[in-house]
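Me: Please take a close look at a single part of this model and describe how its pieces meet. Keep the account plain.

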Amino acid sequence: MNILITGGASGLGLAITELLAKETTNKVYFTYYKSKQIATELELKYTNCNSIQCNFSKKTDIQQLLDQLKTFDIDVLINNAYAGDVTPTYFHKLDTEDLVDDISKNIVPVVEITQAAIKMFRKKKFGKIITILSAYLTNNPPIGLAKYVAGKAYLEKLTKVWATENIRFNITSNTVSPSFMLTNLNDAVDERIVEQMIDQHPLKKILSVEEAAQSVQFLVQASQHINGIDLLMNAGSNLK
C-alpha cells in the first residue's frame, strides 16, 4: 500500500512509520518539521520511505504537500501530526488568539489534506483514513488541556462524517485514541507525576508508542467493514 503519515519522524508518528516501513510492499511517505536527522536516517534504513519537510504553521508548506500528494497515489492517510505543545493552561486564561492559532495549525491542515485524499480515494474507489485522537476525550477531560482536547474533539466528529459520507466509495475512516505516552509532546512532565501514573495504572505501566502503532497497523490491514470505529487504548480504566 502507498501510505502517508503526517508527523512521521517523532513520537508516535516515528513508531508508526517504522512499523509500516518494515513491510517492504508498503510505500511510506511521511512528513516532518524539525526532525531532519531522523527523517534522513529513516530513508537510509528503509528504501521504501520518503520524507517531506512540512511546517503545519506555514500555508505554503501545506500547499506544497497538497501538490505532491497528487503524485503519491496513496491508499492510506494517517493523520498524526500535532503542531505546538500541550502545556497545561486553564480555559479562562487562554488567549483567543492562541485558540485561533491552534485551529489554523492543527485543524485546517488536517481538513485540507483529508479533503485532497478523499478526492483521490473516490476516483480509485478505495481508501483508508486513520486519525490519531486521544483517550482524553473519554468522560472527564484532564484539567488545563482545553485547547488540545477541544481540537481532538472537533476532529473526532469529522472522522465520523468521513466514515458516513464515503463508505459507498469503499473509503473508511477510523481512529485511535491512546492514553498518556511519553513523547516529545509531554517530555516536560515531572518524573514524579509519571511514577504516580504508573503506580495507579491497572497494568502498572503506561502505554508505549510501539503499542499504539500496532493499533494503527491493524486498521491499515483491516477489512473495509471496519468503519467509523475508535480504538480506545486506556486499559479499560475509563470507559465511554
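Reply: A salt bridge is counted here when a side-chain nitrogen of Lys or Arg lies within 4 Å of a carboxyl oxygen of Asp or Glu. By that criterion the structure, which is a predicted model, holds four salt bridges. One of them pairs lysine 45 with glutamate 18, and their closest N and O atoms are 3.2 Å apart. Glutamate 18 belongs to helix 1 and lysine 45 to helix 2, so this pair ties together parts that are 27 residues apart in sequence.

The two helices that carry this pair also meet through other residues. On the side of helix 1, Leu14, Thr17 and Glu18 take part, and they meet Ile38, Leu42 and Lys45 of helix 2. By class, the residues of this contact are three nonpolar, one polar and two charged.

As for the geometry, helix 1 spans residues 11-21 and helix 2 spans residues 36-45. Their axes come within 11 Å and cross at roughly 10°. Angles under 35 degrees count as roughly parallel, and helix 1 and helix 2 are therefore roughly parallel to each other.

A separate feature is the second largest pocket, with a volume of about 170 Å³. It is lined by 13 residues, of which Phe56, Lys58, Lys59, Ser104 and Val108 are the closest to its centre. Helix 3 (59-72), helix 4 (96-106) and helix 5 (108-124) are the elements that give two or more residues to this lining. Helix 3 supplies the largest share, four residues. The lining of the second largest pocket comprises five nonpolar, three polar and five charged residues.

Key. Residues numbered from 1 in each chain as written. Predicted model: local features only at pLDDT ≥ 70, side-chain atom pairs only at ≥ 80, totals over all residues. Heavy atoms only, no water. Axes fitted to C-alpha atoms, helices over the stretch in contact; angles between N-to-C directions. Parallel < 35°, antiparallel > 145°, perpendicular 65-115°, else oblique. Contact = heavy atoms within 4.5 Å. Nonpolar A, V, L, I, M, F, W, Y, C, P; charged D, E, K, R; others polar. 1 Å grid on protein atoms, 1.4 Å probe; cavity = no way out; pocket = protein on both sides within 12 Å on 5 of 7 lines; lining within 4 Å. Points joined across faces, edges and corners; volume = space filled by probe spheres on them.
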